[in-house]
Amino acid sequence: MSRFIYRMCLVVVLVIAVAGGVYYYMTFYQKNEAPQKGTFVNKMDDALSETGRQAREAFSYAGGVVREASDEAEDMAKDAYRQVRGKIKEVSGQA
């Protein structure tokens, strides 16, 4: 007799689980709007275009920073060359 009660409890739990799943699906998932054709693609295109715009801005900014650093390095190299050349002239003039 105890096996019968045990099996009936399992069947009841199974029925409750299935009924709960159906209820959950009907109340929560059915409220969500079904995706329309191309909706995901349009949203992805918008996201990609925004990401592309941000990437272009970042590359533009990075290019400006690199250009400024390159100009500074060039000026420093020219200044160092002038100083070395002046020192060479001083040393050769004193010798």
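1. Burial. Buried residues account for 1% of the 95 residues in this chain. Note that the model is predicted. The accessible surface of the chain comes to about 9200 Å². Carbon and sulfur atoms supply 64% of that area.

2. Secondary structure. The chain has two helices. Helix α1 covers residues 2-29, and helix α2 covers residues 39-94. The points below take up features that involve these helices.

3. The salt bridge. How many salt bridges does a search of the whole structure find? The answer is one. K78 and E74 form a salt bridge, and their closest N and O atoms are 3.4 Å apart. That pair qualifies because the cut-off is 4 Å between a side-chain nitrogen of Lys or Arg and a carboxyl oxygen of Asp or Glu.

4. Setting of the pair. Where do K78 and E74 sit relative to each other in helix α2? They are four residues apart in that helix, so about one helical turn separates them. K78 is partly exposed, at 41% relative accessibility. E74 is also partly exposed, with a relative accessible area of 40%.

5. Nonpolar surface patch. L14, V18, V22, Y25 and M26 form a nonpolar patch on the surface. Together these residues have about 510 Å² of accessible area. V18, one of the patch residues, is placed in helix α1. Is V18 buried or exposed? V18 counts as exposed because its relative accessible area is 51% and the exposed class starts over 50%.

6. E68 lies in helix α2. Its relative accessible area is 54%, so E68 is exposed.

Methods: Residues numbered from 1 in each chain as written. Predicted model: local features only at pLDDT ≥ 70, side-chain atom pairs only at ≥ 80, totals over all residues. Heavy atoms only, no water. Buried < 20%, exposed > 50% of the residue type's maximum accessible area, 1.4 Å probe, protein only. Patch = residues over 30% accessible without salt bridge, like charges linked within 9 Å, V, L, I, M, F, W, Y side chains within 5 Å. Areas by Shrake-Rupley, 256 points an atom, 1.4 Å probe, with all protein chains shown as cover.
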